[in-house]
Every structure is written in structure tokens, then in C-alpha cells.
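Please look at the sequence and the structure first.

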Amino acid sequence: MSNELIAIAMLWLFVFVYSVAASIDFGTGFWSMIYRNHEQSRATNIANRYLSPSWEVTNVFIVLIVIGLVCFFPGATFTLGTVLLIPGSLILLLLSIRSAFLVYSHSVEGYEKQLTIVSGISGLLIPALLILVLPITQGGFIGMEKGHEELLLGKLLTSASGLSFAAFAISSTFFLSSLLLADYSRVANEPEAYRLYRRDAILNGPLSFFIALALVASMKGEAPWLYTNLLGELNVLLVSAAAFFIGYTALWWPGGPRSKLLGRPRIAVVCIVIQYLLASYAYGKAHLPYIVYPHVTIESAFTHPNTFRALFVSYIVGFALLTPGFIFFWRMFMKDKRYLRQS
């Protein structure tokens with residue numbers, strides 16, 4: 001495997017981890033807003049209990065993505081920095097608003113509802129804007145004005161690809177977050193919250209799946225090169241669809257001898273994450289060798305080999321230091337039943 005492939009594989013892994021973690025994080029904020037007045041189910045309490053420690057950790061990965069892109073592929077930063085100036089600025093603004101409002105929504109008496117609504121809505125807009133990076137890199141939305149590259153924002157926002165990607169981001173946010181919160185509610189012994197989130201997962205699962213099919217269909221007309229390459233990964237996509245089917249049907253499996261609740265949300269979460277991982281692998285492989293079609297490739301944008309080796313070692317050492325912290329975080333906030341079942 002070449003240095004370029006190792007670097008882009010690492011960067012794509014960061015993108016995948018952040019996409020899943022952020023979808024759950026943003027969706028949890030939305031459900032916290034939706035079920036705020038549903039006190040008998042304690043669904044908002046469950047959502048806030050997950051959000052409280054997790055949203056700061058999620059932001060670590062977006063930093064890793066930006067640093068990895070600048071360090072490993074400096075040749076791509078000029079093009080991406082230029083065309084993503086407006087959407088990138090909006091994303092940073094919304095992230096700042098959401099982070100601030102999440103903090104104050106738990107500490108400012110009398111304004112909790114308004115602050116929760118703002119953080120919930122802003123959290124819904126962020127994934128829709130973030131995912132627009134993908135259709136931009138597929139080509140057709142970057143024009144030249146006086147010798148400079150610029151984003152054709154109007155064309156992007158009215159295109160089938162742009163709308164499909166945005167809809168997919170929102171539906172996936174709903175689906176992934178409701179799945180994890182269903183599992184979280186089950187472990188926390190909150191049956192009413194579990195039934196609500198299980199229902200939401202059942203509703204949003206097929207929606208996200210069919211929107212994904214529409215997304216792939218939109219590529220045929222707007223990014224035929226990518227559509228053709230993606231058909232070459234059909235076997236991976238079929239396995240991904242099978243993982244979705246297993247995960248989705250797990251919501252109807254018997255809950256086990258110690259539970260009266262219907263469904264196995266933990267199995268569903270694992271299978272759906274595998275489904276997204278396989279689909280992301282197929283999309284990423286089909287996108288190669290381009291970072292931004294048709295001008296920026298992983299070879300043309302790559303850093304010096306000596307710089308890559310130094311950075312790669314730095315990332316390995318960094319992850320060796322961070323991994324125990326992530327494991328500790330998981331055990332403390334995601335598996336500690338004393339925390340999960342607190343009032």
C-alpha cells in the first residue's frame with residue numbers, strides 16, 4: 001500500500017468515526033428538544049444524560065480531520081479552503097452556537113426550553129451542511145471566476161445530489177441517534193423511553209435506506225464517473241444492505257430471558273454501524289484517486305514522504321495516548337449502570 005493510500009485511508013477513517021459519533025450527538029440534541037414535555041417517559045433525561053459527557057469528545061475528531069487534511073494533503077487545502085469558505089464558516093458558527101447553548105441550557109434557570117430548542121435546531125442543520133462537502137468533491141459545483149475557483153452555491157443547493165446528501169444526513173442523524181438512545185434507555189431501565197426511541201428507529205430506518213438509494217441514483221446524472229466506480233463495489237454494497245436488514249430486524253427480536261421489552265437494540269446498533277462502515281468504504285474506494293474531481297488527486301496533493309512518515313508516527317503515538325482515555329470514557333459514561341440509572 002502506498003503512502004498516499006495509507007494517508008487517505010486514515011483520513012477517511014477519521015471522517016467515518018466523526019460522521020457516526022456526530023450524527024448520534026446531533027440527533028440526541030434534537031430528541032432532547034422534541035421530548036422535552038414528555039415527562040412521563042423520561043426520554044429527555046436519557047438524551048441529556050448521553051449528551052452531557054459526549055459532545056465535547058465528538059469535537060476531537062473534527063479537529064483530527066482538519067489537521068490530517070492540512071498535513072497529509074496540503075495540495076488540496078487551497079481548493080477546499082476556497083470553495084468551502086461560506087459553508088465552512090456557517091458550520092463553525094453553528095457549532096459555536098450549539099456548544100454554547102448546550103452549556104447554558106443546563107445552567108440558566110428560566111431559559112432552558114429556548115436554549116434547548118436553539119441547540120436542537122442548530123444541531124440538525126450542521127450535518128446537512130457538513131455532508132455537502134461530498135457532492136462538492138464529486139465535481140460540477142466549482143466554477144472559475146477571474147482565474148479563481150469559487151463554489152456554485154446556488155447550483156449545489158438546488159441539485160439532486162446536494163438535496164439527496166442533505167436529506168440523507170438528516171435521516172441518518174435521526175436513525176443512528178434513536179437507535180443508540182433505545183439501547184441507552186434499555187440499559188438505564190427506562191422502558192417508556194426505550195419504546196419511544198425504538199419507535200423512532202423503526203420509522204427512520206427505512207427512510208434513511210431509501211434516501212441512500214435516491215442519493216446513489218442522483219450520481220448517475222451528476223457524477224457518472226463516481227456512479228460507474230460505485231457499481232464496481234456492488235458486492236460490498238450488497239453486504240452493507242444485508243447488515244442493515246439484520247440490524248433493522250433485530251428491533252423485533254425477543255428481548256431475552258431477563259427482559260420483557262421487544263428488540264435487541266445493541267445488536268441493531270452494531271449491525272447498522274457495520275452497514276455504514278461498508279457503505280463508506282465502497283464510496284471512498286469509488287472516489288479514488290480524486291480528492292476533488294477532476295483536478296485534485298491524492299498523488300498531486302500529497303505531502304513530502306519524509307513529512308508523511310513523521311506525521312504518521314505522531315498520529316500513532318497520539319492515538320496510543322488517547323485510546324486509554326476513550327476506553328475510560330466508554331466504561332464510565334456508557335457502561336456504568338450507576339450513572340445510567342441515576343435520577
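Q: How are α8 and α9 directed relative to each other?
A: In this predicted model, helix α8 (residues 160-187) and helix α9 (residues 191-222) pack with their axes 7 Å apart, at an angle of about 155°. Axes are lines fitted to C-alpha atoms, for helices over the stretch in contact, and angles run from 0 to 180 degrees between N-to-C directions. Angles under 35 degrees count as roughly parallel, over 145 as roughly antiparallel, 65 to 115 as roughly perpendicular and the rest as oblique. The helices α8 and α9 are therefore roughly antiparallel to each other.

Q: Which handedness has the crossing of α8 and α9?
A: A crossing is left-handed if the near helix is turned anticlockwise from the far one by less than a right angle, and right-handed if clockwise. Helices here are DSSP runs of H or I with at least four residues, strands are runs of E with at least two, and both are numbered from the N terminus. For α8 and α9 the crossing is left-handed.

Q: How many charged residues has the contact of α8 with α9?
A: Contact means heavy atoms within 4.5 Å. Ala, Val, Leu, Ile, Met, Phe, Trp, Tyr, Cys and Pro count as nonpolar, Asp, Glu, Lys and Arg as charged, and the others, Gly among them, as polar. Between α8 and α9 there are 19 nonpolar and ten polar residues, and the charged ones number four.

Q: How are α1 and α8 directed relative to each other?
A: Helix α1 (residues 3-34) packs on α8 with the axes 7 Å apart and an angle of about 80°. Among the residues that meet are Phe-30 and Trp-31 in α1 and Leu-180 and Leu-181 in α8. The contact has nine nonpolar, seven polar and no charged residues. By their angle, α1 and α8 are therefore roughly perpendicular to each other.

Q: At what angle do the axes of α11 and α12 cross?
A: Helix α11 and helix α12 are roughly antiparallel to each other, and α11 passes α12 in a left-handed crossing. The contact residues include Phe-244 and Tyr-248 of α11 and Leu-278 and Tyr-281 of α12. The axes come within 8 Å and cross at roughly 165°.

Q: Over the face of which residue does Arg-186 lie?
A: A charge sits over a ring if NZ of Lys or CZ of Arg is within 6 Å of the ring centre and within 35 degrees of the ring normal. Arg-186 is at 5.9 Å from the ring centre of Tyr-194.

Q: Where is Pro-289 found?
A: Leu-288 and Pro-289 are joined by a cis peptide bond, with omega about 5°. Most peptide bonds are trans. Pro-289 is in the loop between α12 and β3 (290-292).

Q: What is the basis of the numbering and of the values?
A: Local features need pLDDT of at least 70, side-chain atom pairs count only at pLDDT 80 or more, and totals for chains, interfaces and linings use all residues. Side-chain values use heavy atoms, without hydrogens and water, and residues are numbered along each chain as its sequence is written, from 1.
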